[in-house]
Amino acid sequence: MIFHGNELTYGLVISFWLFGAGIGSFWGRKFSEEKLYLPFLILALYFPVSIYLLRFLPGLLGYKVGEVFTFSLLLAETAFLLFPIYLNFGIIFALGQKKFSNLSENVLKGITRPYIFDSVGDLIGGIFFSYIFVSFLSPAKNLFLVSTLFLLPVAILKGKKFIPLILIFLVIFLFSDFTNSMKKTYEKLYSGFKVEYITETKYGRYMEIRKDNLNSLFSNGILSYTYPDKTTSEYIHLPLLLSPGKEKEILYLGLAGPGEIKELSKYENFTVVHPDADFQKILEKHIDNKTLKNINFIASDPRLFLKKTNKKFDAIFLGIGDPLSISSNRFYTLEFCKLLSEKLNDEGIVTFSISSGENYLNETTLDYNSLIFWTYRFKFSHYFVIPGYNSRYIFSNAPIAYEEKRIKEELKNLNLQYLDEYIIRSSLPTFRIKEFEKRLSDNFIGFNTDKKPRAFLLSLLHYLEKYSRAAGFMKLVFKAPFSLIFLFLPIPIIFRKTRFRVSLIGAIAIAISYSCILSLQIIYGNVYHLVGLITGLFMFGVGIGTFLSEKIKLQEKLKIPFIMLAILSFFLYLIIEMESPIFFVFLFIPFISFSCGTAIGWTYTNAGTILKDKEGKDDTAPRVYALDLIGGGIGALLFSFLLLPAFGIIPTILLLVGICLLGYLFA
C-alpha cells in the first residue's frame with residue numbers, strides 16, 4: 001500500500017522477474033528436456049494461488065481495511081509469491097532451447113530461434129493483456145485464462161490425460177462469479193464491513209465498503225473518500241470564500257467524492273476531469289440526476305485536458321492527493337504551475353491539500369511541504385495556507401484574505417448546514433497560520449520539476465517514516481552526493497570480459513526501457529496499461545535483433561550494442577528536454593524501447609557464439625540468457641532505488657550515454 005501504483009514498485013517487480021528468469025535459465029540447463037512439461041504444470045496450478053494471496057494476504061495477516069503495510073511485506077510477497085513464477089519462466093526457456101537445439105541441424109539457429117519465438121510471445125502477450133483482455137475480462141477471469149493457457153503445452157507434451165484438467169479450468173474461467181467470491185472473502189477478512197461492490201478497470205480497482213451508514217471508497221487499496229460526511233464536504237467551500245473574485249467557472253481535477261461534487265455543483269459552471277470514464281458510474285450511485293445535469297464530466301488526463309482547453313477558470317481544485325508516483329508528481333511541478341497560471345482568470349485561485357502537520361513538522365515533512373509551497377509560489381504572487389494533518393494550500397495572483405462581511409453574504413446563498421462564520425473563524429487561527437507560512441518561507445530547498453521529481457520522493461519518504469524501516473535507507477539515497485554518479489563511469493573499462501559485458505548491456509537496456517516508461521508517465525500521466533506494450537515491444541525487439549544476427553557477420557567484440565544504446569539514450573534525453581509534439585513522443589518512445597531490445601538480441605547471439613567457440617559447451621545459450629537477465633535485474637534495482645531517487649531522470653540518462661560510449665571505446 002505504501003508503494004501502491006508507483007514506479008519503484010515496477011522496478012522491484014521487474015527486477016525479481018529478470019533475476020528469477022535468469023536463475024531459472026541457469027538452473028534449468030541441468031535438467032532433461034523431457035521435463036519441459038513440468039514448469040508449465042507448476043505454473044498452471046501455482047499462478048492463481050499466488051495472485052489470490054497477493055490480494056488477500058494483508059487481511060489474512062491481520063491488517064485492517066485500508067491499513068498501510070510495510071516495505072518488508074512487499075519484499076516478502078514479491079520473493080515468495082512472484083519469484084517462483086519467474087523462476088519457472090527461466091526453466092522453460094532453458095529446456096525449450098535445449099529441446100530445439102536437438103531438433104535443429106543449424107547450430108546458430110539452435111541458439112537464436114527459441115529466443116525469437118519467446119520474444120514474439122512477449123509482444124502478443126503485451127498487446128492482448130494490456131489492451132484487449134483487460135477491456136473485456138475481469139482480472140480474475142484473465143487469471144484463469146492464463147492458467148488454462150499454461151496447460152496447453154502440458155497436454156501437447158504429455159498427452160490426452162491432461163485434457164480434463166484443461167476443461168475444468170475452462171469451466172471455472174467461463175462460469176465462475178469471481179466478483180461475488182471476492183466480495184465474500186473481503187467481508188470475512190474485514191468483519192463489520194459490508195462490501196457494496198468491486199469494480200476493476202485499467203486505471204485501478206475500486207472497492208466500496210459500508211459501515212454505520214457510511215460508505216468509503218478505496219482506490220487501489222487507498223481510502224479516497226467517505227460519504228455522507230456533511231461536515232467535511234462543506235469545507236470544500238472554504239477556499240472559495242477566501243477567494244478575491246467571483247466563482248462562476250469551477251474546475252476539479254482528479255478523484256472527487258460525492259459530497260464535494262454536490263457542494264461544488266451549487267456554483268454556476270462545474271467541471272470534473274478524471275482519466276477513468278467508469279468513475280462517473282461510481283458517482284452516479286450517490287448523486288441524483290438533477291445534480292448530475294449541472295456537472296460536466298470529462299474523461300481525460302487532467303494535465304492534458306488543461307493543455308487542450310481554451311477556457312479559463314475562476315477556481316481549480318486539485319484532487320490528486322500526495323504525489324506518490326511520477327504520474328501524480330506532474331501536478332506539483334513548475335511546468336504544471338505555468339500551465340495553471342495560463343488557465344486561471346486574473347483573480348482565480350488554485351487549491352489543493354497534501355499531508356502535513358497541525359503543530360509539528362519534522363525535517364522530511366517540512367522539506368516536502370516547503371518544496372511544493374515554493375514551486376507554486378514561483379508562479380503565484382499570493383498564497384494562504386491552512387495548517388492541519390492535511391494542510392490546505394490556496395494560491396492566486398490576487399490578494400487572498402479573510403473578509404468577514406463578504407463571507408457572511410456568500411454563506412447566505414450557499415445554504416450550508418455546518419459551515420458558518422464562527423466555524424470558519426475558528427478554522428483560521430492567525431498565529432498558527434503565520435508561523436506555519438514563516439517556516440515554509442524560511443526553508444527554501446529548491447523547486448519540483450517533471451525531470452527531477454523531488455516531491456514524489458519526499459512524499460514517499462514522509463510515508464515511509466511512519467510505516468517502514470526502509471526510510472533510513474531512502475534518506476541516505478536522497479542525500480547521496482552528485483559526485484557518486486561518476487563512480488559508475490569506469491565500469492566498462494575495468495570489467496571487459498564477455499560475460500560481464502553481456503550483463504552490463506542487459507542492465508543499460510533495461511534502464512533505458514524503464515526510462516521510456518517514466519517519460520510517458522511524465523507526459524501522459526497514468527499510462528500503466530502501456531507498460532505491457534512497452535515491455536512487449538522491448539522483448540519483440542530482442543527477437544528481431546536475434547533474427548538479424550543470423551544474417552549479419554558476427555563480431556569478436558561487443559561494440560555495436562554499446563553505440564546503439566548510447567544513441568538511443570541520447571535521443572530519449574532530447575525528447576524529455578524539448579517541447580515535443582505529443583503524437584511524436586507517443587510513437588517514438590516505444591520505438592526506443594523496441595530498439596533497446598534489438599541491441600540485446602544481437603548481443604545474445606554474438607556473445608553465445610563467442611563463448612561457444614572459446615569453451616565448446618552446449619549449454620552456452622541458457623548461460624548467456626541468464627547473464628543478460630541477471631544484469632537486467634541489477635540494472636532495474638539500481639535505477640529504481642539509487643540512480644533515479646538520488647540524481648533524477650536527466651543525469652541518469654546522461655550517465656547511461658557516458659557508460660555506453662566508454663563501453664564502445666574500450667571494447
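Glu-404 and Lys-408 are four residues apart in helix 17, so about one helical turn separates them. An α-helix has 3.6 residues a turn, so residues three or four places apart point the same way. In this predicted model, the side chains of Glu-404 and Lys-408 meet in a salt bridge, with 3.8 Å from N to O. Glu-404 counts as partly exposed, at 29% relative accessibility, and Lys-408 is also partly exposed, at 36%.

Lys-311 and Glu-249 form a salt bridge through their side chains, at 3.1 Å from N to O. Lys-311 lies in the loop between helix 13 and strand 8 and Glu-249 lies in strand 5, so this pair ties together parts that are 62 residues apart in sequence. Glu-249 is buried, with a relative accessible area of 15%, whereas Lys-311 is partly exposed, with a relative accessible area of 37%. The two side chains are also listed as a polar contact, again at 3.1 Å. When residues up to four places away in sequence are not counted, Lys-311 touches Glu-249 and Lys-343. The C-alpha atoms of Lys-311 and Lys-343 are separated by 6.9 Å, although the two residues are 32 residues apart along the chain.

A further salt bridge is formed by Asp-450 and Arg-303, whose closest N and O atoms are 2.6 Å apart. This pair links distant parts of the chain, since Asp-450 is in the loop between helix 19 (430-441) and helix 20 and Arg-303 is in helix 13, 147 residues apart. Asp-450 counts as buried at 8% relative accessibility, and Arg-303 is buried with a relative accessible area of 6%. The count for the model comes to 16 salt bridges.

Glu-247 is a charged residue without such a partner. The residue is placed in the loop between helix 9 (238-242) and strand 5. Glu-247 is buried yet has no salt bridge, and the nearest side chain of opposite charge, that of Arg-406, is 5.7 Å away. The side chain of Glu-247 does have a polar contact of 3.0 Å with the side chain of Ser-243. Apart from neighbours within four places in sequence, Glu-247 is in contact with Leu-240, Tyr-267, Asp-314 and Glu-410.

Lys-343 also belongs to helix 15 (residues 334-343), where it is buried along with Leu-334, Phe-336, Cys-337, Leu-339 and Leu-340. The cover over the buried residues of helix 15 includes strand 5 (249-254), helix 13 (302-308), strand 8 (313-319), strand 9 (344-355) and helix 16 (363-377).

Helix 20 (residues 454-467) has 14 residues and reaches 20 Å from its first C-alpha to its last, close to the 20 Å expected at 1.5 Å a residue. Helix 20 is mostly covered, with ten of its 14 residues buried. Among these buried residues are Phe-456, Leu-457, Leu-458, His-462 and Tyr-463.

Strand 11 (residues 390-396) has five of its seven residues buried, so the rest of the structure largely encloses it. Strand 9 and strand 11 run antiparallel and are joined by seven bridges, and Val-350 has Phe-395 in strand 11 as its bridge partner. Strand 10 (residues 382-386) is likewise antiparallel to strand 11, through five bridges. The bridge partner of His-382 in strand 11 is Ser-396. A hairpin of three residues joins strand 10 to strand 11.

Tyr-227 and Pro-228 are joined by a cis peptide bond, with omega about -5 degrees. Pro-228 is found in the loop between strand 4 (222-227) and helix 8 (230-234). Asn-213, which is not a glycine, has a positive phi of about 65 degrees. Its loop lies between strand 2 (204-211) and strand 3 (214-219), and Asn-213 counts as exposed at 58% relative accessibility. Asn-415 also has a positive phi, near 55 degrees, in a residue other than glycine. Asn-415 lies in the loop between helix 17 (404-414) and helix 18 (421-427), and is exposed with a relative accessible area of 68%.

Definitions and conventions. Residues are numbered from 1 along each chain as its sequence is written. This is a predicted model: local features need pLDDT of at least 70, side-chain atom pairs count only at pLDDT 80 or more; totals for chains, interfaces and linings use all residues. Side-chain values use heavy atoms; hydrogens and water are left out. Buried means under 20% relative accessible area, exposed over 50%, partly exposed in between (1.4 Å probe, protein chains only). Helices (H or I, at least four residues) and strands (E, at least two) are DSSP runs, numbered from the N terminus. Contact means heavy atoms within 4.5 Å. The expected span of a helix is 1.5 Å times one less than its number of residues. Two strands pair if DSSP finds at least two bridges between them. A polar contact is a pair of N or O atoms within 3.5 Å; within protein, one must be able to donate a hydrogen and the other to accept it, and residues adjacent in sequence count only if both atoms are side-chain atoms. Lys and Arg count as positive and Asp and Glu as negative; His and the chain ends are not counted. A salt bridge is a side-chain nitrogen of Lys or Arg within 4 Å of a carboxyl oxygen of Asp or Glu.
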